[in-house]
Amino acid sequence: MWSNLPSDLLANIFSFLSPDSLARASSSCRHWHTCAKAYPLSTTSNNLAWFLAMPIQRNHTPLSCYLHDPILNNWHALSLDFLPDPVRLVGPIGSLVLIRPTSSTFLQLAICNPFTRQFRHLPMLNITRTNPAVGVIMVLDSTQSAPFPCFKVFVAGGMSEAVAPRCSATYEPTLEMYDSRHDTWQIVGPMPVEFAVRLTVWTPNESVYSKGVLYWITSARAYSVMGFEIGTNTWMELNVPMADKLEFATLVRRNGVLTLVGGICDGEACVWELVEGYNWRLVEKMPIEFGIRFLGSKKSWGSTKCVGSDKAIYLYRDLRSGMVVWREVVDKGEWEWFWVEGTSIGGKQVQTYPIKGVLLQPSLAPSCIS
């Protein structure tokens, strides 16, 4: 399996090792030794997350996922033939991805590492739900000895199973949480019914955690943001700037701050961040030349998707279209815009598919899942 991984991908992973671990890795075999020596990575670039794209194919397991290395600007394909069921990508958990098998109507979650080909189902939820909102947060645990941090998964709303033959399914006004330290789900508490309805009908799975609050954005125009303050178990609603004029809007986290990326009808793509008093402040606009190149002849932001991390924000459409990236350049102490060409493996473009993307750090740690 390890010999199938691209050398620059291995080199990126090696860059996170301590000197003693790197020495052991480079002495494991000739391939690893050559890789460690032939692809030196600067300390200023090895914290860049990789973009992972998984094709969205209804009721079919994607044959591969596609990764973009931001350091060497290369695309790679990794086989997903180890997955037992058709899946949809939900979101990143450190170096893992949270996925949901699509073979069941009701939500079932799993985690996998596409680099080590590990896969594991999470336990079943306490309440059977269809189409709930899902959110993930990392947990700092000083007692933890494993190399991978702990995490929690929150599931809100959804349609609950009918309790009688003639009863229809109803919106589930509860929130439950999975804690990886205990490998169990628990009911956190009730939630307003109107929030349960909106999270079920108009909210995609993408969530953002910032400063103690888990946020989701509605997918229906005009956009709005719903938040759950974890420490107090309280729900809130936030307005969105230019909500009725945005053709797409996505929440990300930049430098720990909740950030909104949106494309204005007949206008630019803009970036706002949430400041004190739950107000939005405009921090950046995509340069016109990048907008023209990204939109091409479509003249609309409607099919745009966005994913981000603390250090980078990616705007994308499908596998063959190029991406626009706004990311931190550590050497310069500022953020800059970049263009990334569409997916090309060995000089050949891949077949175009609609995709869902996430940002994550590659890892070969075998204890992440098992």
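Trainee: How many cavities of 30 Å³ or more are there, and how much space lies in the largest cavity?
Mentor: This is a predicted model. The count of cavities of 30 Å³ or more comes to 1. The space in the largest cavity is about 40 Å³.

Trainee: How do the residues that line the largest cavity divide into nonpolar, polar and charged?
Mentor: The lining consists of Phe106, Leu107, Met124, Leu125, Ile127, Thr128 and Arg129. Because Arg counts as charged, Arg129 of the lining falls in that class. The division is 5 nonpolar, 1 polar and 1 charged.

Trainee: Which side chain of opposite charge is nearest to arginine 327?
Mentor: Arginine 327 lies in strand E25, residues 323-329. Its contacts, not counting residues up to four places away in sequence, are Leu48, Pro70, Lys311, Ala312, Glu334, Trp335, Glu336 and Phe338. Arginine 327 is buried and has no salt bridge. The nearest side chain of opposite charge is 7.7 Å away, and it belongs to glutamate 336.

Trainee: Is threonine 184 buried, partly exposed or exposed?
Mentor: Threonine 184 is located in strand E14, residues 184-190. Leaving aside neighbours within four places in sequence, threonine 184 contacts Met177, Tyr178 and Asp179. Because its relative accessibility is 41%, threonine 184 counts as partly exposed.

Trainee: How far apart in space are threonine 184 and asparagine 126, C-alpha to C-alpha?
Mentor: In sequence, threonine 184 and asparagine 126 are 58 residues apart. In space, their C-alpha to C-alpha distance is 9.4 Å.

Notes: Residues are numbered from 1 along each chain as its sequence is written. This is a predicted model: local features need pLDDT of at least 70, side-chain atom pairs count only at pLDDT 80 or more; totals for chains, interfaces and linings use all residues. Side-chain values use heavy atoms; hydrogens and water are left out. On a 1 Å grid over the protein atoms alone, a cavity is a set of points where a 1.4 Å probe fits but cannot get out, and a pocket is an open set with protein on both sides within 12 Å along at least five of seven lines; lining residues have an atom within 4 Å of a point. Grid points are joined across faces, edges and corners, and a volume is the space filled by probe spheres set on the points. Helices (H or I, at least four residues) and strands (E, at least two) are DSSP runs, numbered from the N terminus. Buried means under 20% relative accessible area, exposed over 50%, partly exposed in between (1.4 Å probe, protein chains only). Lys and Arg count as positive and Asp and Glu as negative; His and the chain ends are not counted. A salt bridge is a side-chain nitrogen of Lys or Arg within 4 Å of a carboxyl oxygen of Asp or Glu. Contact means heavy atoms within 4.5 Å.
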